[in-house]
Structures are given as structure tokens and as C-alpha cells.
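Please read them with the model open.

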Amino acid sequence: MLHLTPAMLESAYELLRTTPPFRSWRLPEPDDVEFRVSRSGHTTARLILTTGKFPVIEVSSRVCGTLMPLIMAVAHEMAHLHEHLSGDMRADCAHGKAYRKRAKRVCDVHLFDPMQFGGLE
């Protein structure tokens with residue numbers, strides 16, 4: 001099991017930013033995102049958006065105990081971040097059409113299982 005740290009989340013984010021489709025999405029630099037580790041047993045990861053603050057990507061150390069789930073969780077939240085920055089995010093539909101299109105592209109490029117990626121069920 002990995003002992004997750006915010007630095008590991010930041011490294012996963014930066015690695016993914018160098019790969020398609022993320023590199024064309026103009027996502028914020030890692031210094032403009034806050035990375036947190038939670039102990040949630042039911043939420044893998046989440047994007048937290050607050051007015052006037054950096055977006056937060058939070059990943060559960062209880063759910064993401066190995067590298068692949070960590071990478072997929074960060075990628076999932078990056079798709080949400082791009083959705084938010086593009087103005088496509090709707091509060092009433094977290095995995096709506098805009099998100100599913102981005103997530104499908106991420107899964108196709110990185111060969112992630114869409115059923116494990118989340119939001120494409």
C-alpha cells in the first residue's frame with residue numbers, strides 16, 4: 001500500500017499534464033492547485049472549488065492504495081477541473097455530457113477501464 005502524500009498527488013497531476021489530452025487543456029500549474037490526502041472510505045477523490053481560492057484535488061488514502069488507482073483518481077478530477085474551467089460544469093449533473101466526453105477521451109488515450117474511471121457507467 002502506498003502512503004499517499006500531497007507531493008505524490010502533485011507529481012501525478014504534473015505527469016498527466018504532459019500527456020494527451022491533458023496537455024492541450026491548459027490546466028493550472030501545480031502551484032495553482034492544492035493537493036490533499038483524505039482518509040475517506042467511501043469517496044475515492046473529489047474536486048473542491050471555492051470562490052477566490054485554488055481548486056483542491058483530494059484523494060483518499062484508504063481507497064487509492066496503489067499507483068494505478070491514484071493516477072486514475074487524479075485524472076478523473078482533472079477532467080472535472082477542465083470541465084469547470086471551460087464553463088461546462090453544471091452543479092446538478094456532476095457526470096453530465098461534457099464530463100463524459102472528456103472522460104471517454106482520457107480513457108481511450110490512457111487505456112483506463114471506463115467502468116473503473118467513474119462517471120461513464
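1. In β3, F35 has I57 as its bridge partner. The strand and helix labels used here are DSSP runs numbered from the N terminus (helices H or I, at least four residues; strands E, at least two). This is a predicted model, in which local features need pLDDT of at least 70 and side-chain atom pairs count only at pLDDT 80 or more, while totals for chains, interfaces and linings use all residues. Residues are numbered from 1 along each chain as its sequence is written, and side-chain values use heavy atoms, with hydrogens and water left out.

2. Strand β1 (residues 34–38) pairs with β3 in the parallel sense over five bridges; two strands count as paired if DSSP finds at least two bridges between them. Within this pairing, E34 stands opposite V56 in β3.

3. Strand β2 (residues 45–48) runs antiparallel to β3 and is joined to it by four bridges. Here L47 is the residue opposite I57 in β3.

4. The three strands make an open sheet of mixed pairing, in the order β1-β3-β2. The edges are β1 and β2, each with a single partner strand, so one side of each has no neighbour in the sheet. From one strand to the next the twist averages 20°; angles run from 0 to 180 degrees between N-to-C directions, and axes are lines fitted to C-alpha atoms, for helices over the stretch in contact.

5. Is strand β3 (residues 56–60) enclosed or open to the outside? Five of its five residues are buried, so β3 is largely enclosed by the rest of the structure. Buried means under 20% relative accessible area (1.4 Å probe, protein chains only). V56, E58 and S60 point one way from β3, I57 and V59 the other way, and all are buried.

6. α1 lies across β1 and β3 and runs at about 125° to β1. α2 packs on the sheet and touches β2 and β3, its direction making about 30° with that of β2.

7. The axes of α1 (residues 6–17) and α2 (residues 67–85) come within 9 Å and cross at roughly 65°. That makes α1 roughly perpendicular to α2 (the term covers 65 to 115 degrees). On the α1 side the contact is made by L9, A12, Y13, L16 and R17, and on the α2 side by L70, I71, V74, A75, M78 and L81; contact means heavy atoms within 4.5 Å. These residues divide into ten nonpolar, no polar and one charged.

Key: Parallel < 35°, antiparallel > 145°, perpendicular 65-115°, else oblique. Nonpolar A, V, L, I, M, F, W, Y, C, P; charged D, E, K, R; others polar. Buried < 20%, exposed > 50% of the residue type's maximum accessible area, 1.4 Å probe, protein only.
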